[in-house]
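This briefing concerns a structural model and is arranged by topic. Please consult the sequence and coordinates shown below alongside the text.

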Amino acid sequence: MTQKTFILEPDNRSNLVATFRLAQRAPMVLQKQSHAEENFPDTFVHNGKEAEDYGAIERLLFSCLQSGDDKSASCFIEQLAGRFDTLDEKVTGLKGLFEEATAEDHSSLEQYLRRYDLLLSKNPVNLPILKRRIALLRSLSRPVEAISSLVNLLDAVPTDAEAWCELADLYQSQGMNSQAAFCLEEALLIVPNAWNVLALLGEILYSSAFSSDSEGSCQLLERSIQYFCRSVELCTDYLRGFYGLVLATSLLGENRRLRGYSQDHPPPRKTNTSTSVAHNIDPLAAFARNKLDEIVRRRSSEHKLWEFDQSELIAAKELLDRLDSSNK
Amino acid sequence: MALQGVEQTILRDPALFYWIVFPITVVMILTGILRHYATVLMNNPPKPASTLAESRERLGLFRGVNLRNNAHAVLSKESFEMRKNYLISAYQNGAFLKDPERRGQPPANPMTDPAGMEAMMGMMKGNMMMMIPQTLIMSWINAFFSGFVILKLPFPLTIRFKSMLQSGVMTRDLDVRWVSSLSWYFLNLFGLQSVFGFILGSDNAANHMAQQMNPAAGINPFQPGQDPDKMYQNEAENLEVMEHFCILDGVEERVMQHYAGHVSY
């Protein structure tokens, strides 16, 4: 039972430790399945499987691929192909993923790309293959083509939040921050309460504040702070959100001081969009630091529970140390 | 009847219970299960869009709906106005339509349009699945069990229930508490939903599977015979009257106040 719940937990693909642990269970799961099929008639086992079991298989497949267990991965793909037809769109997409992951050289990747084009010429709305093609273009380091095909895809399927996020990531990798921010806003219109996307948007606004002039950068920072605030409002101990809030508030406060505005006289604004940020910058910075400090301390003491997020924790600690030393 | 202070008694063979109430109930449950599986087998999932333009026509409407529902949680004033103007003009110009040249023409007759025909067939199949077994069982009960009084309810009822509980038995003086076989059938027909829910799990267990494999493609907001252009015009009007407000204004104060009340979580 515990094993099952572990597999069914929502996946966190950026979390390598958890992925690895999950993948280590794959041979065990496969073995258990073969036992079950020996004990019961074949059809019975297949009928008993629920939708969530196949979701679990899919997730196991992803973690196996990530941790290099190709043998188990191909077993899982066979299972999925056995249940849903081999020609099913999603199964072909997963198969493509597997082939790309195990491809040996550049030329075979090119070959897969041509095969995807062929598949798409038969059925232009084969979404899994469309997405695989874009991912493949990206891994072949042809981001411009990837972006243009992703834009085409989103023109046809504008309700796909993940695709919008991917496009934002692509734009950001090309240094086009305002486009990336637009894409994340679109994604947020579909999933308005996703605190990680809100924090991501805050991060993009924060990083684009560096590349604009001082007036514009203040405005961008204020918006960034708003998104970080909204993110931590939705998730009360979101480390990344607080981290961003600390960074953005300290930078904005510094900018203010550099330009000679005191706390009591906020700068005159052309647009009075976000005056509350201007008034509250110092208390907000102090609040965010306290909160970040508290989270870091709590998570360090409960080491076991937060084992998976050590890198974030270390980064947060380092930020706090840096701020402390600069204040002294 | 309780009013008269006289308990009405009817001498019944106790075997009636085993030979009528029991069979009717069992048959009703079995047909319910059979119907469920038959529907699952006959049901074909809605056809996914076959071209990118068609997909855009279907999903374009959701952009407006999403903007209307969620803009206040995300967008600043400028980006909201920008999106609103873009969507309104796109809706009004028919930019999302599958074939913009056919705008304004009356929609295809669902009887001649193959896609519409298919959807109608689907609906018809569903209705048939309900109708045919019901007619069969109803006539079966009428042929074998009509006119039997089979149960006595243990609680008194008002006279209005007579038509509900004693259909098929035309006696004016019979106490309302007696239930006829035909009425037992009707009670089963409408009252077994929770039993089916218990036996079959959630009703659509099988349909979920098909949708899970392909969630985005199957959605189609348009009924057959509906003109997408009209719906877009409608949505444009809805968007036009929208006022912008944003919950991000003052979020900092709200967050600080919120956390001030709670020392730690």
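The model is predicted: local features need pLDDT of at least 70, side-chain atom pairs count only at pLDDT 80 or more, and totals for chains, interfaces and linings use all residues. Residues are numbered from 1 along each chain as its sequence is written, while chains are lettered from A and ligands numbered from 1 in the order in which they are written.

**Confidence**
- Where pLDDT is low, the predicted coordinates should not be read in detail.

**Interface of chains A and B**
- In the model, 37 residues of chain A are in contact with 40 residues of chain B.
- On the chain A side, at least two residues each come from α7 (89–102), α10 (143–156), α12 (177–190), α14 (214–234) and α16 (275–301); helices (H or I, at least four residues) and strands (E, at least two) are DSSP runs, numbered from the N terminus.
- α16(A) provides the largest share of that side, eight residues.
- The side of chain A that touches chain B comprises 19 nonpolar, six polar and twelve charged residues, where Ala, Val, Leu, Ile, Met, Phe, Trp, Tyr, Cys and Pro count as nonpolar, Asp, Glu, Lys and Arg as charged, and the others, Gly among them, as polar.

**Packing of α10(A) and α11(A)**
- α10(A) and α11(A) (residues 161–173) pack at an angle of about 150°, with their axes 10 Å apart.
- α10(A) is therefore roughly antiparallel to α11(A), a term for angles over 145 degrees.
- Among the residues making the contact are A:Leu150 and A:Leu154 of α10(A) and A:Trp164 and A:Leu167 of α11(A).
- The residues of this contact divide into eleven nonpolar, one polar and one charged.

**Annotated regions**
- An unreviewed UniProt entry places "domain: EMC2 TPR-like" at residues 108–193 of chain A; such annotations may be inferred rather than shown by experiment.
- Residues 108–193 of chain A are 80% helix and 0% strand, with the end C-alpha atoms 41 Å apart.
- The UniProt annotation "transmembrane region" (unreviewed entry) covers residues 16–34, 130–151 and 182–201 of chain B.
- Residues 16–34 of chain B are 100% helix and 0% strand, whereas residues 130–151 of chain B are 73% helix and 14% strand.

Key:
Two residues are in contact if their C-beta atoms, placed from the backbone, lie within 7 Å. Axes are lines fitted to C-alpha atoms, for helices over the stretch in contact, and angles run from 0 to 180 degrees between N-to-C directions. Angles under 35 degrees count as roughly parallel, over 145 as roughly antiparallel, 65 to 115 as roughly perpendicular and the rest as oblique.
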